[in-house]
Amino acid sequence: MEATVFSVSEINFEVKQYLEGTNTFKNIFIQGEISNITYYSSGHLYFTLKDAGASVKCAIFRYKYRGVPVDLKEGEQVKIRGNVTLYERSGSYQIVADFLERTNSIGSLYEKMEMLKRKYNEKGYFDSSQKKLLPKLPTNVGVVTAATGAAIRDIVNTAHKRFPNVNIFLYPAKVQGDGAAQEIVSGIEFFNRAKNFEEKNKICVDTVIVGRGGGSIEDLWAFNEEIVIEAIHQSEIPIISSVGHEIDNLLSDLVADRRAATPTQAAEILIPEKKNLIEELNNKKNGLTKILQNRVTLMRKELEQKKNNYYIKNFLNILDDKKMEIIEKEKILIKELKRILKKAEEKLEYRKQQINKIDLKKEIFKRKENLREKEKNINFAIKNILNDAKKNLQYKKLKISKYSVQDILNLGYTITRKNGKIVKRGIELSKNDAVEVQFKDVRRKMKVD
């Protein structure tokens, strides 16, 4: 029998008819993690739905469902309803959905990344004080990325275009999938070890670029792994994180000494353009030359002026005049010193004669007598003051005694007490109150009528 031979278009058409013709794949619900989200200005939405083991492409067309959230994020868990269909041109099947809802606000990868971000932020790994300065003109640059990816081509092309003399050393590493994080760490550690053994290896890079091109959060996850973050933080060599993505919160970007949006931008940040450097150096050279020429011209003028200066031309004559002036002043100074010395000697001699004329013993005795007389006067004055104070005190005592309780009783007055307290007003007493009345010579208890 002759076998039936289909064209590619025919087989794709048949499969499409089969998928769309069976009820098994109509109005089915699927739940998973959303990624590769693409909004179009027409209102259509394309994305990938995935779980731990597989993924499927999906689309929502504006004319079928207008309630699509406009703020979907990579990694969110969603549930969709739709039909399975086949896109004939590429032969790939997809889900055309007419309903979508979130089942949680953030996917597991994003949740893990947020947790790691908080952890390393608290440890201070993202602080600006931890950042190392990039070299102004690197000569050797290390790159940790895939050997066959666009990232290394972009870095090499950009670097050599800007400064052909720079050397690029590649450490080939996986940048996604199993083992990618460990290979990235190995590359960082390799360049750091080489720095410490420069004489043996002849490789000592100024900076390391770690990165890759863009991709989904899953593709880029190796740059969020803890071992990568620790390796970047512990590196003695400045590191630029250059992962081509629009999301600005990869952990490698936050911990690195500098972040670049793409590998190309990393090379542009790190390597200056040679022609600009040469132009800058020439400008500085011309500026310095002008400054030196102006300085030399000025110094020549100053030298010419000094050569014609009166003091320089007549220096020897002026020097002789100054010597004679010093000699004259020296003579005047010696004469004045002799006069002062003679006057001091005369004053000293006069003092000696005055002291000799005084009888010291007699003078001391005279002063002692004077002190005794003053002592007598002081004692007499103190005694008079004390007597006056004593009399004043006695007078005040007599004056106060006239107002004592006993003196009042002696005048015929009495003191009435109720419950031990002196009664000052009649209103304080009531009928039958018991009181005590104090007379001059006796106390009596009484009752108020």
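Is Ala147 buried, partly exposed or exposed, and what is its relative accessibility? At 46% relative accessibility, Ala147 counts as partly exposed, where buried means under 20% relative accessible area, exposed means over 50%, and partly exposed lies in between (1.4 Å probe, protein chains only). The model is a predicted one, in which local features need pLDDT of at least 70 and side-chain atom pairs count only at pLDDT 80 or more, while totals for chains, interfaces and linings use all residues. Residues are numbered from 1 along each chain as its sequence is written, and side-chain values use heavy atoms, with hydrogens and water left out.

**Ala147 and its surroundings**

- Ala147 is placed in the loop between β6 (140-145) and α3 (150-162); helices (H or I, at least four residues) and strands (E, at least two) are DSSP runs, numbered from the N terminus.
- Not counting residues up to four places away in sequence, Ala147 touches Ile152, Leu170 and Pro172, contact being defined as heavy atoms within 4.5 Å.
- From C-alpha to C-alpha, Ala147 and Lys431 are 123 Å apart in space, and in sequence they are 284 residues apart.

**Asn192, a buried polar residue in helix α4**

- Asn192 belongs to helix α4 (residues 180-196), and with a relative accessible area of 12% it is buried.
- Leaving aside neighbours within four places in sequence, the residues in contact with Asn192 are Ser235, Glu236 and Ile237.
- The side chain of Asn192 reaches the backbone nitrogen of Glu236 at 2.8 Å, and a polar atom of that side chain also lies 3.5 Å from the backbone nitrogen of Ile237.
- A polar contact is a pair of N or O atoms within 3.5 Å; within protein, one must be able to donate a hydrogen and the other to accept it, and residues adjacent in sequence count only if both atoms are side-chain atoms.

**Helix α6 and its buried face**

- In helix α6 (residues 226-234), the residues Val228, Ile229, Ala231 and Ile232 are buried.
- Seen down the axis of α6, these buried residues fall within an arc of 165°, so they line one face of the helix; the arc is that of the directions from the helix axis to the C-beta atoms.

**Salt bridges**

- The count comes to 17 salt bridges, each being a side-chain nitrogen of Lys or Arg within 4 Å of a carboxyl oxygen of Asp or Glu.
- Side chains of opposite charge can pair when their charged atoms come close.
- One of the bridges joins the side chains of Arg102 and Glu76 (2.9 Å, N to O), and this pair links distant parts of the chain, with Arg102 in strand β5 (residues 92-102) and Glu76 in the loop between β3 (55-60) and β4 (77-87), 26 residues apart.
- Within this pair, Arg102 counts as partly exposed at 32% relative accessibility, whereas Glu76 counts as buried at 3%.
- Another bridge joins the side chains of Glu226 and Lys119 (2.6 Å, N to O), again linking distant parts of the chain, since Glu226 is in helix α6 and Lys119 is in helix α2 (residues 108-122), 107 residues apart.
- Glu226 is partly exposed, with a relative accessible area of 33%, and Lys119 also counts as partly exposed, at 35% relative accessibility.
- Arg339 and Glu336 meet through their side chains in a salt bridge (2.5 Å, N to O), and both lie in helix α11 (residues 315-357), 3 residues apart, about one turn of the helix.
- Arg339 counts as partly exposed at 44% relative accessibility, and Glu336 counts as partly exposed at 35%.

- Asn36, although not a glycine, has a positive phi of about 50°; Asn36 lies in strand β1 (residues 28-39) and is partly exposed, with a relative accessible area of 40%.
- Asn419 is a residue other than glycine whose phi has a positive value, near 55°; Asn419 lies in the loop between β11 (415-418) and β12 (421-422) and counts as exposed at 73% relative accessibility.
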